[in-house]
Amino acid sequence: MSAIEDSLREHVQREERAAEQGDRVVDSLWDHLCRTAVIAEQLGRSEGLDPSTCRLAALFHDAGKFHQGQRHGDSVPEEQHSVEVFVQFAQNHGIPERQVAEISEAILQLYRCDPEPTPLARVIFDADNLEKLGFLGVANFFVKRGLRGQGISPEFMVQFTVELTYARHAVGCMQTESGRDWAQRRAPQTQ
């Protein structure tokens with residue numbers, strides 16, 4: 001797993017750096033993926049899923065966000081690019097085909113709004129959203145804006161209001177029982 005994570009970190013940093021058009025090492029996306037992976041492992045255990053599968057899915061769920069150094073640079077959804085990155089890594093690191101299919105489907109389900117997502121897709125959805133809640137979630141909101149050279153502006157206030165509204169309704173948006181429990185603790189911190 002560590003070889004996959006090291007390679008993925010290099011890939012994500014390279015793509016994000018190209019998108020930001022800078023020479024500095026950017027870890028904003030990588031940090032998000034790591035935090036989401038930790039949450040997904042814990043949720044997966046609570047939901048009776050394989051924690052390593054949950055971790056892999058969370059690590060790759062946004063791996064295509066800065067495809068070829070561009071955010072939303074083509075008509076292909078970033079989730080499809082994430083699956084493409086995952087499949088390539090899976091081939092290079094010998095991940096079993098069954099696990100590749102399960103993780104790929106879960107990543108695609110996250111954003112297709114499938115009426116009956118798999119348990120893995122539910123865990124990844126909740127982990128991705130829980131990562132943005134709580135004290136650290138609020139701090140990261142400000143850090144990301146700073147890294148992108150964006151300050152406090154009218155546009156910022158609108159976006160921040162959306163984030164607070166999401167926190168207010170987070171418990172009802174979670175797709176797993178474990179996610180709802182976490183959201184009940186983290187949403188008040190965010191507000």
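Colleague: Let's start with Asp114: is this residue buried, exposed or partly exposed?
Modeller: Asp114 is partly exposed, because its relative accessible area is 22%. By the cut-offs here, buried means under 20% relative accessible area, exposed means over 50%, and partly exposed is in between (1.4 Å probe, protein chains only).

Colleague: And what does Asp114 form a salt bridge with?
Modeller: With Arg112, and their closest N and O atoms are 2.9 Å apart. A salt bridge here is a side-chain nitrogen of Lys or Arg within 4 Å of a carboxyl oxygen of Asp or Glu. Arg112 is partly exposed too, with a relative accessible area of 43%.

Colleague: Before I go on, what am I looking at?
Modeller: It's a predicted model, where local features need pLDDT of at least 70 and side-chain atom pairs count only at pLDDT 80 or more, while totals for chains, interfaces and linings use all residues. Residues are numbered from 1 along each chain as its sequence is written, and side-chain values use heavy atoms, with hydrogens and water left out.

Colleague: OK. How many salt bridges does the structure hold?
Modeller: There are 10 salt bridges. One of them joins Arg55 and Glu5, with the closest N and O atoms 2.8 Å apart. Arg55 sits in helix α3 (residues 51–60) and Glu5 in helix α1 (residues 2–20), so the pair ties together parts that are 50 residues apart in sequence. Helices here are DSSP runs (H or I, at least four residues), as strands are (E, at least two), and they are numbered from the N terminus.

Colleague: Are Arg55 and Glu5 buried or exposed?
Modeller: Both are buried. They also belong to a salt-bridge network that links Glu5, Glu41 and Arg55.

Colleague: What about Glu78, which residue does it pair with?
Modeller: Glu78 makes a salt bridge with Lys65, where the closest N and O atoms are 3.0 Å apart. That pair links distant parts of the chain, with Glu78 in helix α4 (residues 78–93) and Lys65 in the loop between α3 and α4, 13 residues apart. Glu78 and Lys65 are both buried.

Colleague: Switching topic: how many disulfides are there?
Modeller: The count is 0, taking a disulfide as a pair of cysteine sulfur atoms within 2.5 Å. As for cysteines, Cys34 is partly exposed at 22% relative accessibility, while Cys54 is buried at 0%.

Colleague: And how many helices and strands does the chain have?
Modeller: It has 9 helices and 0 strands. Buried residues make up 45% of the 191 residues.
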